[in-house]
Amino acid sequence: MNYLGHQITGDLYHCDPVLLKDRGFIEKAMNTAANLARCTVVNSVFHEFSPHGVSGVVIVQESHLAIHTWPEHGYAAIDVFTCGEIEPREAFEFLSSALNAQSISISESKRGALW
């Protein structure tokens, strides 16, 4: 069976809280992750919350990368969804490393079954 997309959702635990609240760092890391996965970046939007936390999305021709951070808990939620021949794992692994995650939980799924 063929699928339209491949999605990885993951939880990053015990990340560097200083990095998790740095909007500029998060945006740069997310765009770098998209480029490493050989995605074509279309646009990105990021928001820094008060007192802390960042949410953002990188829209790519092949779908999206999204992140939500909780610096006070050293936690980040990641979603990398790609279509075509793009492999999302490289982007996820880069983000895990960039945020200094000490442990991760990951779920992978194929999306859009073609019968």
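Which residue forms a salt bridge with Glu 27, and how far apart are the closest N and O atoms? The partner is Arg 23, and the closest N and O atoms of the two are 3.7 Å apart. The model is predicted. Across the whole structure, a search finds four salt bridges, and there are two aromatic pairs. The largest nonpolar core has 26 residues.

**Salt bridges around Arg 89**

- Side chains of opposite charge can pair when their charged atoms come close.
- Arg 89 forms a salt bridge with Glu 93, with 3.5 Å between the closest N and O atoms.
- Arg 89 and Glu 93 are separated by about one helical turn because they sit four residues apart in helix α3 (residues 89-98).
- Arg 89 also forms a salt bridge with Glu 108, and here the closest N and O atoms are 2.1 Å apart.
- Arg 89 is in helix α3 and Glu 108 is in strand β6 (residues 103-114), so this pair ties together parts that are 19 residues apart in sequence.

**Aromatic pairs**

- A pair of aromatic rings is described by the distance of the centres and the angle of the planes.
- The structure holds two such pairs.
- In one of them, Tyr 13 and Tyr 75 are tilted, with 5.4 Å from centre to centre and 40 degrees between the planes.
- Tyr 13 lies in strand β1 (residues 2-13) and Tyr 75 in strand β5 (residues 75-83), so the pair ties together parts 62 residues apart in sequence.
- Tyr 75 also forms a tilted aromatic pair with Trp 70, at 5.2 Å centre to centre and with 45 degrees between the planes.
- Through these ring pairs, Tyr 13, Trp 70 and Tyr 75 are linked into a cluster.
- Tyr 75 is buried, at 17% relative accessibility.
- Tyr 13 is partly exposed at 34% relative accessibility, and Trp 70 is partly exposed at 34%.

**Charge over a ring**

- Arg 111 lies over the face of Phe 81, 5.1 Å from the ring centre.

**Nonpolar core**

- Which residues have the most contacts inside the largest nonpolar core? They are Met 30, Leu 65, Ile 67 and Leu 99.
- Two or more residues of this core come from each of β1, α1 (17-20), α2, β3 (54-60), β4 (63-70), β5 and α3.
- Helix α2 gives the most to this core, contributing five residues.

**Nonpolar surface patch**

- Met 1, Tyr 3 and Trp 115 form a nonpolar patch on the surface, and their accessible area together is about 480 Å².
- Met 1 is found in the segment before β1.
- Met 1 counts as exposed, with 59% relative accessibility.

**His 6 in strand β1**

- Is His 6 buried or exposed? His 6 has a relative accessible area of 10%, which is under the 20% limit, so this residue counts as buried.
- His 6 is found in strand β1.
- His 6 and Val 57 are 51 residues apart in sequence, and their C-alpha atoms are 17 Å apart in space.

Definitions and conventions
Residues are numbered from 1 along each chain as its sequence is written. This is a predicted model: local features need pLDDT of at least 70, side-chain atom pairs count only at pLDDT 80 or more; totals for chains, interfaces and linings use all residues. Side-chain values use heavy atoms; hydrogens and water are left out. Rings of Phe, Tyr and Trp (its six-membered ring) pair if their centres lie within 6.5 Å; planes under 30 degrees apart count as stacked, over 60 as edge-to-face and the rest as tilted. Buried means under 20% relative accessible area, exposed over 50%, partly exposed in between (1.4 Å probe, protein chains only). A charge sits over a ring if NZ of Lys or CZ of Arg is within 6 Å of the ring centre and within 35 degrees of the ring normal. A salt bridge is a side-chain nitrogen of Lys or Arg within 4 Å of a carboxyl oxygen of Asp or Glu. Patches are made of residues with over 30% relative accessible area and no salt bridge: like charges are joined within 9 Å, nonpolar side chains (Val, Leu, Ile, Met, Phe, Trp, Tyr) within 5 Å. Accessible areas come from the Shrake-Rupley method with a 1.4 Å probe; for residues, only the protein chains shown count as cover. A nonpolar core is a set of buried Ala, Val, Leu, Ile, Met, Phe, Trp, Tyr and Cys residues joined through side-chain atoms within 4.5 Å.
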